[in-house]
Amino acid sequence: MVYESRETELRKVSLNELPGGPEAFELAAKFCYGVTIDLTARSIAALRCAAEHLEMTEDLEEGNLIVKTEAFINYVVLSSWEDSLLVLKSCEELSPWAENLQIVRRCSESIAWKACVDSTGKPKGSAPNTSPDRWCEDVSVLRIDHFVRVITAVKAKGMKHELVGDGIMHYAMKSLPGMMKDVSPSPGEDGSASKWNCGPCAITAAKRDDPCSSLERKDQGTIVESLISIIPPQNDSVSCSFLLQLLRVANMVNVSPALVIELEKRAGMQLEKATLSDLLIPCYNKNGTMYDVDLCQRLLEHFLIQGPIDVSGPLTNPVVNAKPIVARLVDSYLAEVSRDENLSLTKFQALALALPGSARSCDDGLYCAIDSYLKAHPMLSEYERMRLCRLMDCQKLSMEACAHAAQNERLPVRVAIQVILSEQIKLNNALANASSRDHHYQPVIPNTKTLLEETPQSFQDGWENTKKGISALKFDLETVKTKYLELQHDMEGLQQQFDKVIDFKHKSAWSSSWKKLIKMTKITTIEKARSGSPAIKTPKRWRNSVS
């Protein structure tokens with residue numbers, strides 16, 4: 001470099017492109033002057049790249065620095081789990097030298113070989129302290145491109161897909177701050193609707209604003225895209241919760257749409273394993289709803305249209321068995337997002353109807369969601385409220401839900417009556433079944449006191465208020481019936497009076513006609529008498545008849 005500069009008074013030479021920087025150059029200079037240097041896993045990669053850059057080959061000196069460093073890497077570094085990880089970590093600052101010199105590849109394969117386990121669960125190779133849990137923690141410190149190299153290597157060497165998935169999930173949790181859950185699970189997350197009188201509840205604040213800078217968002221986008229590309233194809237390789245959390249981050253950092261669709265498909269195919277907090281993914285469109293309801297709709301569609309089951313699995317269809325679980329999950333999700341004032345009735349209805357009716361053996365969860373929506377949207381018209389209530393089947397409500405619905409003022413009156421009638425039908429059927437089983441029929445519930453003693457405490461608590469509501473409805477029905485009977489009686493009286501008037505008018509017309517006929521007869525008789533005609537003697541009975 002001094003010779004090529006052609007400067008007579010050159011006092012300084014810049015080695016800006018030297019890999020490893022001043023530390024590597026100092027070690028190389030000491031080696032040239034015969035000073036003993038210590039080769040370590042932390043410095044060997046930089047020293048090997050610096051020796052390559054300085055052209056310290058065997059052509060100039062036997063046992064030069066390139067040979068020394070290569071021997072240390074091959075015989076010391078690659079035989080140790082810890083040293084391989086340290087060297088691979090140090091290669092992050094040595095691109096592209098470390099790649100071109102195959103240091104990254106050799107360390108990745110060494111780590112993969114030591115991380116792989118055989119069928120007995122014991123590590124292979126010379127890494128006796130390596131365990132499935134430890135390897136996940138150790139490789140999580142690597143840069144994403146080197147981590148991908150390690151995962152690719154362990155998959156090629158036959159590591160179980162569950163262990164590969166564990167490594168990916170552990171890496172994501174440490175590398176992506178957005179993977180931490182910011183929505184705490186709500187009560188009744190399993191889809192049960194055990195708490196009816198849910199007071200006003202503020203929606204969990206979703207993080208709409210992205211706190212990351214553009215550079216951090218770009219780095220996180222690269223990590224997310226890389227992780228999606230290396231997830232094993234088996235459904236049980238990573239959890240559904242992880243996929244949904246990764247999907248949340250993907251939407252936040254604007255990942256490629258094709259990869260997002262793939263992620264949605266994979267999450268939807270195991271939707272029965274998700275929880276409510278997993279589904280509460282914020283909608284990053286500021287003009288939209290608080291939570292991404294459209295995303296939940298797409299996940300549900302992927303769940304319903306997934307292909308045939310794996311031939312290695314059980315013969316029963318897992319989709320059929322999982323539908324009730326997903327139905328309870330969707331009902332819980334609807335109950336949570338229904339509090340959003342921006343959620344339209346159409347979206348609520350579409351999500352509720354996405355599952356077939358056979359998926360719900362009980363509509364308690366759906367009723368709880370409908371009640372919550374009515375509470376958050378008090379300006380709905382009567383038609384819209386009826387349209388909303390048609391989503392549930394009153395005959396699928398439990399006694400606890402019926403007790404609440406019968407006194408729910410937010411429900412249309414027709415729906416409340418349907419609930420009461422359906423409950424009456426259930427009781428009648430229960431009595432009929434009991435009587436068919438026992439020829440000596442005994443009343444199942446002889447009186448109200450026994451009913452309260454034999455029903456759950458939650459039903460007893462609401463029974464008194466329920467009786468008042470039922471009594472009020474019965475009183476209103478009796479009042480309407482009484483008024484109807486009174487009107488019917490008045491109508492019959494009016495009809496009789498009308499008939500009398502008609503008969504009277506008819507008789508009056510005949511009486512006037514007879515009077516006219518008698519008068520005409522008298523006039524004719526007088527005229528004949530005056531003309532000399534013999535008088536006609538009127539018979540007595542005719543006279544009496546006329547009189």
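These entries record what I looked up in the structure above.

**Basis.** I worked from a predicted model, in which local features need pLDDT of at least 70, side-chain atom pairs count only at pLDDT 80 or more, and totals for chains, interfaces and linings use all residues. Residues are numbered from 1 along each chain as its sequence is written, and side-chain values use heavy atoms, with hydrogens and water left out.

**Surface.** I looked up a nonpolar surface patch of about 500 Å², made by Met1, Val2, Val13, Leu15, Phe25 and Leu54. Patch residues have over 30% relative accessible area and no salt bridge, and nonpolar side chains are joined within 5 Å. I placed Phe25 in helix α2, residues 21-32 (a DSSP run of H or I, at least four residues). Phe25 has a relative accessible area of 37% and is partly exposed (between buried, under 20%, and exposed, over 50%, with a 1.4 Å probe and protein chains only).

**Cysteines.** How many disulfides are there? I noted zero, a disulfide being a pair of cysteine sulfur atoms within 2.5 Å. For Cys91, the closest cysteine sulfur is that of Cys107, at 5.7 Å, which is too far for a bond. Cys91 is buried at 1% relative accessible area, and Cys368 also counts as buried, at 14%.

I found that the largest nonpolar core has 117 residues, of which Phe147, Leu227, Phe242 and Tyr333 touch the most other members. Such a core is a set of buried Ala, Val, Leu, Ile, Met, Phe, Trp, Tyr and Cys residues joined through side-chain atoms within 4.5 Å. Another core, of seven residues, lies apart from it and includes Ala28, Ala51, Met56 and Leu65.

Terms used:
Patch = residues over 30% accessible without salt bridge, like charges linked within 9 Å, V, L, I, M, F, W, Y side chains within 5 Å. Areas by Shrake-Rupley, 256 points an atom, 1.4 Å probe, with all protein chains shown as cover. Salt bridge = Lys/Arg side-chain N within 4 Å of Asp/Glu carboxyl O. Helix = DSSP H or I, 4+ residues; strand = E, 2+ residues; numbered from the N terminus.
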